[in-house]
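Thanks, everyone. Let me put the model up, and then we will go through helix packing and the spaces in the fold.

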Amino acid sequence: MSSLYSKITAALFPRRCPVCGKITNSATPRLCHECAEALAVEYEKHCPVCNGKASVCTCHPEAPVARDSSVIALGFYEPGQTNSLTSRLVYALKNQTDDAAAHILARDLAGAILKDFLARDEDVRTWVITYAPRSILGYERAGFDQAQRLAKLCARYVGARYERIFCRHGGDTQKELSEKERQINAAASIRLRHKRRKYSGKYIVVDDILTTGATLAECAGLLISRGAESVRIAVPYRTLPRRPKQTLWYATVEKNSQ
């Protein structure tokens, strides 16, 4: 009966690519063939500073999360490039009420997590997967938390336990804040849901995009301060670092002559 119901539902409401809207004829949320190929190409993008991929880039962020916790990432996100597949998928993840984009990214991220743990000869099933909570304003606007969706799905795909550990109290959205302001905002607004509890296990903290790392650093720091044995960060995307601005030679000559 359930199989027949699924077939009828699929015929009446065919699944579509969350990026371009094409019918995918898939039983589960997926990108269409063209979007999947384009996204794979974007995942090959290298950092303009260190020339490393997102999974090995250490140029950014400056926050302690880069030093104290290993980071698992799929690719780079470049703000302002609204036509890229990455940006369009991020938009769908943050704004679309259905969780198709979350399923797609969580499957890929789960694969990267499993690959990372296999290389370290560790069992991910002994770890707990949690998430960095969305700002209150962001949650009220969208009606959901995209990082929570990712964390729940990742836990399901890798066979680990999911737990909601953090909450937000006040604070601003991080998007328009400077690096220092992000650190202050994260420290002031992110809390452990159970203040007196000891967190002696091993944790993977999931978020959608790692920019300065302030939010994830705060989450990791709170866990470590309560006895966590190890903390890792898992994100679909890291914000692409920018090349340092170069001073033109004639500007330098003019400055030295004054």
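First, the ground rules. This is a predicted model, so local features need pLDDT of at least 70 and side-chain atom pairs count only at pLDDT 80 or more, while totals for chains, interfaces and linings use all residues. Residues are numbered from 1 along each chain as its sequence is written, and side-chain values use heavy atoms, with hydrogens and water left out.

Helices are DSSP runs of H or I, at least four residues, and strands are E runs, at least two; both are numbered from the N terminus.

Start with H2, residues 33–42, and H4. Their axes lie 9 Å apart, at an angle of about 110°. Axes are lines fitted to C-alpha atoms, for helices over the stretch in contact, and angles run from 0 to 180 degrees between N-to-C directions. H2 and H4 are therefore roughly perpendicular, the term for 65 to 115 degrees. Who touches whom? On the H2 side, Cys 35, Ala 38, Leu 39 and Glu 42; on the H4 side, Leu 85, Thr 86 and Leu 89. Contact here means heavy atoms within 4.5 Å. By class, that is five nonpolar, one polar and one charged. Ala, Val, Leu, Ile, Met, Phe, Trp, Tyr, Cys and Pro count as nonpolar, Asp, Glu, Lys and Arg as charged, and the others, Gly among them, as polar.

Next pair: H4, residues 85–95, against H5, residues 100–119. The angle is about 120°, with the axes 7 Å apart. H4 brings Leu 89, Ala 92 and Leu 93; H5 brings Ala 101, Ala 102 and Leu 105. The six are nonpolar, with no polar and no charged residues.

Now the spaces. A cavity is a set of points on a 1 Å grid over the protein atoms alone, where a 1.4 Å probe fits but cannot get out; a pocket is an open set with protein on both sides within 12 Å along at least five of seven lines; lining residues have an atom within 4 Å of a point.

The largest cavity has a volume of about 30 Å³, meaning the space filled by probe spheres set on the points, which are joined across faces, edges and corners. Its lining is Glu 42, Lys 45, Phe 76, Tyr 77, Glu 78, Ser 84 and Thr 86. Three of these are charged, two polar and two nonpolar.

Last, the second largest pocket, at about 340 Å³. Of its 15 lining residues, Ser 55, Ala 73, Leu 74, Ala 112 and Lys 115 lie nearest the centre. Strand S1 (71–77) and H5 each supply at least two lining residues. The lining has ten nonpolar, four charged and one polar.

Methods
Parallel < 35°, antiparallel > 145°, perpendicular 65-115°, else oblique.
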